[in-house]
Amino acid sequence: MATGLGFDDLALGRLALVVTELATNLVRHAKEGLLLIGVYSQAEVPTIEVICVDRGPGIRDISDSVTDGVSTAGTSGTGLGAVKRLSSQFLIFSKADCATVVVARMTADNSSLNSVQHQDLALTYAGICVSAPGETVSGDSWACRRTGANASLVIADGLGHGPEAAEAADAAVSVFMRKSGPGAADVIESCHAALRATRGAAIAAIDIDVEARSVSYCGAGNISARIINGAEDRTLMSQHGTVGLQIRKVQTIQYELPPHALFVAHSDGIVTRWVLKDVPELLACDPIILAAYLIRNNLRGRDDAAVVVVQCN
């Protein structure tokens, strides 16, 4: 994957050290660990994203664990400090007896990505997409387009899994990417026409306007979406049907966007009734941290899965 993005030998060596260190940590310390590797699409330079997530026992002293040279397992990589030093961007969350999430983003030219933390932006987003066991492609897909205080996104779950499901989901994303500006209902209607030659998909299209404090949601099929801000947790409604096969009249529903809210959407590869009462700290984390936590703790394990998290300031 990295070679295809133009990583040279030096960059490949840095990536190999990071992956080895994180994988070794999972084997030696973690419970039910998971290592995810993909392309980070929000960077202007080619970037690999490595995500390490588990169910515990957690790191009791994060500041000590990311000190260069500290390695409780005695590995040659010298611990998480080396991962942080070698990464273009390093994110970590850990809670004792609960979970640890480490995200290392690696650029081909070793440039820093800390400037894309977007602390001054009205919203930030992240997503993860994984394939069903035994498959080499995912039948789920997603995309997001951000413009200032606004964002439009789509998440699609192709019927079944494997290459034909991926064809349907990718077709939905292609329709979305050809459009500009908001228009959730228009995205679903256009997808319905474009996906007639495929097996169809469950799709949700969303427009978020932080300044107007509103979310426009239009969905068909088993896509789940929620708005959460710590004080309330609201589920958004999708209509029955399969885009590309049969859907009723497309309708967009408007929802209020509370202050400091998270918008979370995912396919049915993730359990619907997940809760964050034991880890409320995740609401303040980078969106990729929550996305990884949901994948690790709520993955059904027999289907493709995609989750998108949008943090609205």
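Q: Which element gives the largest share of the lining of the second largest cavity?
A: Strand S8 does, with three residues. This is a predicted model. Strand S7 (150-158), helix H5 (184-194) and strand S8 (201-209) are the elements that give two or more residues to this lining.

Q: What makes a residue part of the lining of the second largest cavity?
A: A lining residue has an atom within 4 Å of a cavity point. The residues that line the second largest cavity include Arg145, Phe176, Pro182, Val187 and Asp207. About 40 Å³ of space lies in this cavity. The structure holds two cavities of 30 Å³ or more.

Q: How do the residues of that lining divide into nonpolar, polar and charged?
A: Seven are nonpolar, three polar and two charged. Gly counts as polar here.

Q: Why is arginine 105 called buried?
A: Buried means under 20% relative accessible area. Arginine 105 has 3%, so the label holds. Arginine 105 lies in strand S4 (residues 99-107).

Q: What makes the pairing of arginine 105 and glutamate 49 a polar contact?
A: The cut-off for a pair of N or O atoms is within 3.5 Å. The side chains of arginine 105 and glutamate 49 meet at 2.7 Å.

Q: Which residues is arginine 105 in contact with, leaving aside its neighbours within four places in sequence?
A: Contact means heavy atoms within 4.5 Å. Glu49 is one of these partners. Others include Tyr40, Ser87, Gln89, Leu113 and Asp286.

Technical notes. Residues numbered from 1 in each chain as written. Predicted model: local features only at pLDDT ≥ 70, side-chain atom pairs only at ≥ 80, totals over all residues. Heavy atoms only, no water. 1 Å grid on protein atoms, 1.4 Å probe; cavity = no way out; pocket = protein on both sides within 12 Å on 5 of 7 lines; lining within 4 Å. Points joined across faces, edges and corners; volume = space filled by probe spheres on them. Helix = DSSP H or I, 4+ residues; strand = E, 2+ residues; numbered from the N terminus. Buried < 20%, exposed > 50% of the residue type's maximum accessible area, 1.4 Å probe, protein only. Polar contact = N/O pair within 3.5 Å; in protein donor to acceptor, adjacent residues only side chain to side chain.
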